[in-house]
Amino acid sequence: MHTDHTVSIRVNGEHRRVSAGLSLARLAADLGLVPEKVAVERNLEVVPRSTLGQVLVEDGDELEIVHFVGGGDVTPALDTWTVAGRTFRSRLIVGTGKYKDFAQNAAALEASGAEIVTVAVRRVNVSDPNAPMLTDFIDPKKVTYLPNTAGCFDAESAIRTLRLAREAGGWDLVKLEVLGEAKTLYPDMVETLRATEVLAKEGFLPMVYCVDDPIAAKRLENAGAVAIMPLGAPIGSGLGIQNQVTIRLIVEGASVPVLVDAGVGTASDAAAAMELGCDGVLMNTAIAEAKDPIMMAAAMKAGVEAGRLAYLAGRMGKRRYADPSSPLAGLI
């Protein structure tokens, strides 16, 4: 069991971290399934349906959950993802900055289908206490708020910010980013690692923005990061994923979710991230600065879903020469 009272398991081939002491029946229910309508195999042994409520998941369990589908159904029967024991259907996380106003932000969120939004922690406008607030437009009871440390350039300020966020809203699932300098907004990995260690010891569940370095990613995971969020390119650049090799290496080496954070510019970039096997994508500027943010939000939703389906389907192998799709035999 991990220090955050969770266990690591694999469900239908995907890594998940769930609460310790969870029964198989409760796990199925948390995934949106009806226990009476599925069959569960645990570590190559079929679990009788009558005992699903008594059998508890254990660290390292390999689970297969199946049900009957129509012969032509190509939609994955179970395609949710879990971070720190919390399960989500949408693999797209969106930010809340740079929009024309809160109303546009809320409309883009709805179009994206995202269930998590990142929010910055800023001082209350005491000179105008009646000024509109984000919570007036995006209900934190319906959407998961993910407080972040945008604008923090050292571990101390990031830790202080998240302590205030937890006091303000009770949030322990947070996004940590500690920047190195203002020009590139690249993460300072020394300060990021230090902040991760402190936050994890204080009971936070940090999803951590980092460089696209598999060694640094593993150190963050060992320090208590519940998700690794490597940049695809500099924040707000829209350049797309610049180093697919290192992103794939991070995915292959991680036992926590991996989400590309920063650099996405359009829907094909989001699809590319998902085709690498990432669990999700986080973006803000690509939607907020589009000519039509609402339409772009819908495009990003489709891009993430298309990339995920392509990853699950498995792409064809690459060939050096042509291979005709129509048979050559019987030509006139």
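Modeller: A residue is called buried under 20% relative accessible area, exposed over 50% and partly exposed in between, with a 1.4 Å probe and protein chains only. This is a predicted model, in which local features need pLDDT of at least 70 and side-chain atom pairs count only at pLDDT 80 or more, while totals for chains, interfaces and linings use all residues. Residues are numbered from 1 along each chain as its sequence is written, and side-chain values use heavy atoms, with hydrogens and water left out.

Biologist: Is L185 buried, partly exposed or exposed?

Modeller: L185 belongs to the loop between β11 (173–176) and α4, where helices (H or I, at least four residues) and strands (E, at least two) are DSSP runs numbered from the N terminus. Most residues other than glycine have a negative phi. L185 is not a glycine, yet its phi is positive, at about 55°. Its relative accessible area is 24%, so L185 is partly exposed.

Biologist: Is S23 buried or exposed?

Modeller: S23 occupies the loop between β2 (14–19) and α1 (24–30). Beyond its neighbours within four places in sequence, S23 is in contact (heavy atoms within 4.5 Å) with L52, G53, V55 and L56. Because its relative accessible area is 12%, S23 is buried.

Biologist: To which residue's backbone nitrogen does a polar atom of the S23 side chain lie 3.0 Å away?

Modeller: A polar contact is a pair of N or O atoms within 3.5 Å; within protein, one must be able to donate a hydrogen and the other to accept it, and residues adjacent in sequence count only if both atoms are side-chain atoms. For the side chain of S23, the backbone nitrogen at 3.0 Å is that of R26.

Biologist: Is the crossing of α2 and α9 left-handed or right-handed?

Modeller: The axes of α2 (residues 102–112) and α9 (residues 293–313) come within 7 Å and cross at roughly 25°, and the two helices are therefore roughly parallel. A crossing is left-handed if the near helix is turned anticlockwise from the far one by less than a right angle, and right-handed if clockwise. The way in which α2 passes α9 is right-handed.

Biologist: How many nonpolar residues does the contact of α2 with α9 have?

Modeller: This contact is made by Q104, A107, A108, A111 and S112 of α2 and by P293, I294, A297, A298 and K301 of α9. Ala, Val, Leu, Ile, Met, Phe, Trp, Tyr, Cys and Pro count as nonpolar, Asp, Glu, Lys and Arg as charged, and the others, Gly among them, as polar. By class there are 2 polar and 1 charged residues, and the number of nonpolar ones is 7.

How values were computed:
Axes fitted to C-alpha atoms, helices over the stretch in contact; angles between N-to-C directions. Parallel < 35°, antiparallel > 145°, perpendicular 65-115°, else oblique.
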